[in-house]
Amino acid sequence: MAVGSQIKEYTIESARNAIAERRTTAAALAGEFYARIKKEDAEIGAFLTLSEDRARAQAERIDKMVAEGKPLPPLAGVPVAIKDVMVTRGVRTTAGSKILENFVPPYDCTAVARLEAAGAVVLGKLNCDEFAMGSSTENSAYRPVRNPRDKTRVPGGSSGGSAAAVAAGMAVATLGSDTGGSIRQPASFCGVVGLKPTYGRVSRYGLIAFASSLDHIGPFARTVKDAALVLRTIAGRDPMDSTSAEVPVPDYVEELEKPMQGRDDTARKKVSSERLKIGVAKEYFGSGLDAEVRAAVEAAIQKLASLGCEIVPVSLPHTAYAIPAYYIVATAEASANLARYDGVRYGFRARSTRTLAEMYRTTRDGGFGIEVKRRIMLGTYALSAGYYDAYYLKAQKVRTLLTRDFDEAFKKVDVIAAPTAPTAAFKLGEKIDDPLAMYLADIYTVTANLAGIPGISVPCGETREGLPIGLQIFGRHFDEATVLRVAHTYEQGAAGH
Ligand code: GLN
């Protein structure tokens, strides 16, 4: 088959098998993906930097293992790509910002290092909203990304490049980051699978910080099984990130095939024989939810019922306060995290300034885009003396209430099903001048970041115009296994397996 037709069909397993069975080589496969990128990406704009030397070296390593008949690691030769907010040694890392235009990091993000250690071939770095701030990837300082399913539309954001690369068959799997929805929402818009794990499940070492208490790294893939494989590779305690948790990592792939009953609740040391319970909260189906999205998500929930789950109504009463709380906490943390870009340490520095203060000011004014500046100002204001209690402290209290909502609900159910986003992909330019409308695209995703619980988006249909719709599934802290299992069961069931 010609390049470009079959390539879109690769999963981690089929790519690895093709190499293991010597139907291709890791080097040839990487070459095929680069050829596709060079052909397709001029129009889509998913990649900011290609790491061809690094990919070639890794592919040669894998091909040598094959030649020597050595056992191959789980991601051997699988072409992947990385959102440009994760640092890569010797490979330019911009965070989608002009201020890091020429930044070449001296070390690797742990998640990237773990993917490579498992044999993956890193093709390059993926476009995103500047410092991961946005819901459409239009805030990239370089260029917007187009949705491969409809090039007049956004791919979602901020990990738009990561979602688009998988959707367009320019990588088998990718990594993204999710601070308020930036993995799940673009996955939903581009018709791929995107998973945000539990806070602490995946090390953030080497992730360029946006809002440290909300930032997560997670996978994009074409199938739930591939997402499980990537998560299994990158998850687990890392001494370089003190917030990474010392919680054992289950074999997510093996767990996928467990039946929809017989939940094995190791935390509570009991095995229940009940049917798996899926919570549905009316707060996620209110006004503002597009009718076609609602219909598709409701049908998906019915499908899960027909596959053996029990549907249970739950209530998450503080959901309405999630967006304001998120945009206080996220901007407050961002204003502190972005203070380090002062022209002294990294990247861009304004020229011909006379004093140090002028150099700082001019560097930050020229280096940051409008949305980043807006957030630094909002965050600085929320943290300032006199407003701290009224805004920041209040938002933290709301965050606790939201977390308790989930804790209560998870006493009754195993997972919660909801839409990922209120609409399908919108048009490029449609919301760019209306930050509040843009912020509302995150209404169903920010809650999981505030509470730190895992969430996945899995494709569950299309609008009449053929735009993908995502079903979101939340789970208990560190219970990605159940989230993945429900998503996998749905995916297989919907495909008629
Ligand atoms: N769209 C949200 C924001 O702009 C979330 C971004 C993200 O998850 N990185 O903050």
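**Helix α4 and its surroundings**

Author: Start with helix α4: its buried residues pack against α3 (52-67), β2 (79-83), β3, β4 (173-177), β6 (217-221) and α7 (224-234). Keep in mind that this is a predicted model.

Reader: Which residues of α4 are buried?

Author: Helix α4 covers residues 110-117. Its buried residues are Thr110, Ala111, Val112, Leu115 and Glu116.

Reader: New topic. How many strands form the sheet, and in what order?

Author: The open sheet has 11 strands. Their order is β1-β3-β2-β4-β6-β5-β12-β13-β11-β9-β10, and the pairing is mixed.

Reader: Which strands are at the edges?

Author: The edge strands are β1 (47-50) and β10 (310-314). Each pairs on one side only.

Reader: How are neighbouring strands turned against each other?

Author: On average they are turned by 30 degrees, with direction ignored.

Reader: Take β5 and β12. How many bridges join them?

Author: Three bridges join β5 (residues 193-196) to β12 (residues 455-462). The two strands run antiparallel. One of the pairings is Leu195 with Ile456 in β12.

Reader: Which helix lies across β12?

Author: Helix α9 (residues 291-306) does. It also lies across β9 (277-281), β10, β11 (415-419) and β13 (468-475). Helix α9 runs at about 50 degrees to β13.

Reader: Back to salt bridges. How many does the structure hold?

Author: It holds 33. One of them joins the side chains of Arg149 and Glu462, at 2.6 Å from N to O.

Reader: Where do Arg149 and Glu462 lie?

Author: Arg149 lies in the loop between β3 (121-126) and α5 (160-167), and Glu462 in strand β12, so the pair ties together parts that are 313 residues apart in sequence.

Reader: Arg149: buried, partly exposed or exposed?

Author: Arg149 is partly exposed, with a relative accessible area of 36%.

Reader: What does Asp150 pair with?

Author: Asp150 forms a salt bridge with Arg153. The closest N and O atoms are 2.9 Å apart. Arg153 is buried, at a relative accessible area of 9%.

Reader: What about Glu283 and Lys282? How far apart are the closest N and O atoms of that salt bridge?

Author: They are 3.6 Å apart. Glu283 is partly exposed at 22% relative accessibility. Lys282 is exposed, with a relative accessible area of 61%.

Reader: Let's switch to helix packing. At what angle do α10 and α12 pack?

Author: Helix α10 (residues 322-337) and helix α12 (residues 370-383) pack at about 100 degrees, with their axes 7 Å apart. That makes the two helices roughly perpendicular.

Reader: Which residues meet there?

Author: From α10 there are Tyr327, Ile328, Thr331, Ala332 and Ser335. From α12 there are Arg375, Ile376, Leu378, Gly379, Thr380, Ala382 and Leu383. The residues of this contact divide into seven nonpolar, four polar and one charged.

Reader: And how do α12 and α13 cross?

Author: Their axes cross at roughly 105 degrees and come within 7 Å. So α12 is roughly perpendicular to α13. The contact is made by Tyr381, Ala382 and Leu383 of α12 with Tyr388, Tyr391 and Tyr392 of α13. Its residues are six nonpolar, no polar and no charged.

Reader: Where is Leu393?

Author: Leu393 is in helix α13 (residues 388-412). Leu393 is partly exposed, with a relative accessible area of 31%.

Reader: What phi does Thr137 have?

Author: Thr137 has a positive phi of about 65 degrees, although it is not a glycine. Thr137 also lies in the loop between β3 and α5.

Reader: Is Thr137 buried or exposed?

Author: Thr137 is buried, with a relative accessible area of 0%.

Reader: And Arg22, what is its phi?

Author: Arg22 has a positive phi of about 60 degrees, and it is not a glycine. Arg22 is in the loop between α1 (12-20) and α2 (26-44). At 55% relative accessibility, Arg22 counts as exposed.

Key
Residues are numbered from 1 along each chain as its sequence is written. This is a predicted model: local features need pLDDT of at least 70, side-chain atom pairs count only at pLDDT 80 or more; totals for chains, interfaces and linings use all residues. Side-chain values use heavy atoms; hydrogens and water are left out. Helices (H or I, at least four residues) and strands (E, at least two) are DSSP runs, numbered from the N terminus. Buried means under 20% relative accessible area, exposed over 50%, partly exposed in between (1.4 Å probe, protein chains only). Two strands pair if DSSP finds at least two bridges between them. Axes are lines fitted to C-alpha atoms, for helices over the stretch in contact, and angles run from 0 to 180 degrees between N-to-C directions. Contact means heavy atoms within 4.5 Å. A salt bridge is a side-chain nitrogen of Lys or Arg within 4 Å of a carboxyl oxygen of Asp or Glu. Angles under 35 degrees count as roughly parallel, over 145 as roughly antiparallel, 65 to 115 as roughly perpendicular and the rest as oblique. Ala, Val, Leu, Ile, Met, Phe, Trp, Tyr, Cys and Pro count as nonpolar, Asp, Glu, Lys and Arg as charged, and the others, Gly among them, as polar.
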